[in-house]
Amino acid sequence: MKMDTEKQFHLRAELHGHDEDVRGVSVCPLGLLTGSRDKTAKVWVEDSPAPEASSSSAPPRGGNGGYSVAQTLVGHTDFVGPVLYAPPGSLSDYPQGAIVTGSRDKTVRVWEPQTAGCLTVLEGHEYQVTALGLLPPGGPGHAEGGAIVSASLDKTLRIWRGGKCVSTLTGHQGPVLCLLVLEGGEVLSGSGDTSVKMWGPGGGPCIHTIKAHTDTVRGICQVPGLGFATASHDLSVRVWDSTGSLLAELLGHSAIVYTVAAVEMPSVRGPAGGDGGVLLASGSEDNTVRLWRPSGECVQVLEHPGNIWAVDFTPLGDLVTGCSDAVARVWTARPEARGDPALERALANLVSERKAAKEAAAAGGDAAGGGGGAAALPPGLKVEDAFALSQPGNKDGENKFVREGATGDVVAYQWDSKAFQWEKIGVVVSGAQGGGGGGGGGAPARKVFAGREWDFVFDVDVGEGLPPKKLALNRGENPYLVAQRFISENELPPYFTEQIVQFILQNTEGQSGAAKPAAEPIVDITGGFCDPFTGGSGSRPALRPVAATPAAAPMSITGGGVDPFTGGSSGGQTSSGFPAHTLAHIPCHTLLTFDNVPNLEALGRKIREFNAALSSPQQLSETDLAAGGPLDALLQKLSKVAAAATGAAAAAGAPIVSAADVALLRRMLVWPPDKVFPALDIARLAVLDAASALPANHQLALRLAANASAAASAPLRRWLLAGASPLLDRLAPLLAAPTATKAVRLSGAVLLGNLAAAVGLRQLPAEVPQSGDVPLQALSCGLELLGACASPLEESDGVYRCLVAMGTLLVAGGADLCQIAKDLDINDRIHAIMTGARGGGAAEQKLLQVGIDVTSVIARNTGVKV
């Protein structure tokens, strides 16, 4: 049964102001909050009624159906998703109230509502922030006065108070994509692991887990008087009671359901009973919002021009929707509040046009050979539904081709394992077509550009709102010459060469005379992100003039320092006039350890064997070697130490390795060089708890030093860092020695990375005079390591970690260290490695990417074209 005609929702207003998808909406006392892929959030307020009511045919006020932008919040460096208002008194940290936003830049920002100034940046999440909530003041564990709770793709929720993370909730096996704070302070969280977890009041431990759906749980909301509702990638909405028992399943959407909201509707036809009741709204990638009774009855479908990211209800029962066409819309069931009917007719026409275009594209894409127009797809191309992107890829560089719901375009995506997301490569606009009379087997149709025919013509976006530039090439052309020609013609920075070359190779198979006659992507220099667990957002609204913002640099060709082919930003223009390149791999401040546990039984046998061959002063006693004695006790502790270091087990209240264990280990560490390596292996793990010619000993000694440089024990780590300079003096000869193995160089690269992280984080002891020499020494060691690799591709892991370490040092060292690196011909060394890596697999692609990172740091700091 449908709603009565008089109770149907009709379009009240369209809010135009964002430049890209509206990813989040929230109704609050300030008005309406929206967050967008354009990296901003906005506060919308309803205009005051005119002194004299205008006729019903008058155009809406303010250009947005009676709503105006009161504030625009600018500061996030990537798209803004969830938005939230904290009223005065809800957070003791912000007694006057605050606006809270979450972003793909991994931060939560807190804003002053009146001035739109950023008050606090909350950092700690490792990936995109997906959802926000407010813990109520005065409950268990948060008597201080409320707190902010955030969810992230990093599989955690975090509780924030006083500008710091005071608690991290772990337990989900997939990304956390939505959350709901209940009145009692409990938190519900929905995840890519298909479950909903309930956490104790104030961010307490998990007290209940519900297997809620058969696919990712994407949205969650409270249902008045019943419990809560969840939206899922499995195309359903489910209603649950407060104990987690399923009440109803709402089926009707034909694609991923991103969001759900509920409201207890006020009466729309007078005070008589039966006119209100609970209503749910769900938004989907099928471009519709569906309105439901909690029992499962769909009462209305509201069509949109794009997929729906977010929905919310006002206290009066009006509905707010956020769409991928960059527009937020307000819908109402109140006859007196209905907007200009012409607005609704225009929307209906736009939806019809989009549907027709999608159907035409689908028809063209499915046509085989004869008559295939520009939309014809390459033969054999596997096209999947957009929800294929809802799960992570199997390997770095994996490709998928999906048809997007909003436009019908087939879009190519590639899995970036480091960023843990699907990156948009481009739109498939045409493919091989039969020649002549429509039969198959003919040569692919050639394209005409600048008065010439070409095998390939790619569109390349070089700026927001600017027409794309054409990149034309023929089979057999040298991709480097093509890239240089394109850069010269369009006056682009020269360090874009490598990215353009890689794009050409990926989309033409990089083989002379055998270029790939398949898709012709539109290369989006300004970024084409696809949310890794959505399957959407690849579609972008039609380009429109973009107002200048403080972040946009006058000379930026990509709209404010956006990196070509990545969409990232590092803050705008550099002093050299080059648009900033987004560093994908550096600086790296992650500390690495070698925490694998050896075969303890075999290790014990080897120690006993070596001990028997020693003279009495160096031998361990029979008591030490007795079954179950001190040696066995020490060996058994190594597994516990490794588990505690990796977070697999809770750290003990006291050190696992005792003073007696250390005394025993020291006796073995003075054994002869050919017998000391078992002791070094024990020491490698022992340091995680609080000098020989043998390569095996070098390897273990370097791993020992690497672990000490990353140890949780502050005194031990400080001791190691204080001796970093003499350690590096000894390290370079070890790495360059003819007897050095790949394992030795890998161990040295990890140590260099940990020392570089300490330099970048300014953790070297300032009182040690030699600390100032460490960056240059470490850079020199890195060059020694690269020079010692006869075949860098066979040691790709060690070379990669070495380049990350060197790049981290250069970021920290600035122009002076970059100039030294250039003088040491580091660019030539890196370019040689990158040349060998071209056309390789995932490991080689990582080398290419980090090579681009390092050379771009040198370019921006020295002004020299690399």
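**Close-up views of a predicted model**

View 1. Residues are numbered from 1 along each chain as its sequence is written, and side-chain values use heavy atoms, with hydrogens and water left out. With a relative accessible area of 6%, His-125 is buried, a term that means under 20% relative accessible area, whereas exposed means over 50% and partly exposed in between (1.4 Å probe, protein chains only). Lys-106 is 19 residues from His-125 in sequence, and their C-alpha atoms are 5.6 Å apart in space. When neighbours within four places in sequence are left aside, the residues in contact with His-125 include Lys-106, Ser-150, Asp-154, Arg-158 and Trp-160, contact meaning heavy atoms within 4.5 Å.

**View 2. Ser-103 in strand S7 (residues 98–103), and the ring of Phe-79****.** Ser-103 is found in strand S7 and, at 1% relative accessibility, counts as buried. Leaving aside neighbours within four places in sequence, Ser-103 is in contact with His-76, Asp-78, Phe-79, Val-80, Gly-81, Gln-128 and Val-129. Arg-23 lies over the face of Phe-79, at 4.4 Å from the ring centre; a charge sits over a ring if NZ of Lys or CZ of Arg is within 6 Å of the ring centre and within 35 degrees of the ring normal. Elsewhere in the model, Lys-675 lies over the face of Phe-610, at 5.9 Å from the ring centre.

**View 3. The aromatic pair of Phe-228 and Trp-240****.** The structure holds three aromatic pairs, where rings of Phe, Tyr and Trp (its six-membered ring) pair if their centres lie within 6.5 Å, and planes under 30 degrees apart count as stacked, over 60 as edge-to-face and the rest as tilted. Phe-228 and Trp-240 form a stacked pair, with 6.3 Å from centre to centre and 15 degrees between the planes. Phe-228 lies in strand S19 (residues 227–232) and Trp-240 in strand S20 (residues 236–241), so the pair ties together parts that are 12 residues apart in sequence. Phe-228 counts as buried at 3% relative accessibility, and Trp-240 is buried with a relative accessible area of 4%. In the loop between S19 and S20 is Leu-235, which is partly exposed at 26% relative accessibility and has a phi near 75 degrees, a positive value in a residue other than glycine. Most residues other than glycine have a negative phi.

**View 4. The stacked pair of Phe-456 and Phe-458, with Lys-470 in strand S36 (residues 469–473)****.** The rings of Phe-456 and Phe-458 are stacked, with 6.0 Å from centre to centre and 10 degrees between the planes, and both residues are buried. Lys-470, in strand S36, is partly exposed, with a relative accessible area of 33%. Not counting residues up to four places away in sequence, Lys-470 touches Phe-449, Val-457, Phe-458, Asp-459 and Phe-486. Phe-486 is 16 residues from Lys-470 in sequence, and the two are 8.4 Å apart in space, C-alpha to C-alpha.

**View 5. Packing of helix H15 (residues 826–837) and helix H16 (residues 842–862)****.** The axes of H15 and H16 come within 9 Å and cross at roughly 155 degrees, the axes being lines fitted to C-alpha atoms, for helices over the stretch in contact, with angles that run from 0 to 180 degrees between N-to-C directions. H15 and H16 are therefore roughly antiparallel to each other, since angles under 35 degrees count as roughly parallel, over 145 as roughly antiparallel, 65 to 115 as roughly perpendicular and the rest as oblique. Among the residues that meet are Ile-826, Ile-830, Ile-833 and Met-834 in H15, and Leu-847, Leu-848, Ile-852 and Ile-858 in H16.

Key: This is a predicted model: local features need pLDDT of at least 70, side-chain atom pairs count only at pLDDT 80 or more; totals for chains, interfaces and linings use all residues. Helices (H or I, at least four residues) and strands (E, at least two) are DSSP runs, numbered from the N terminus.
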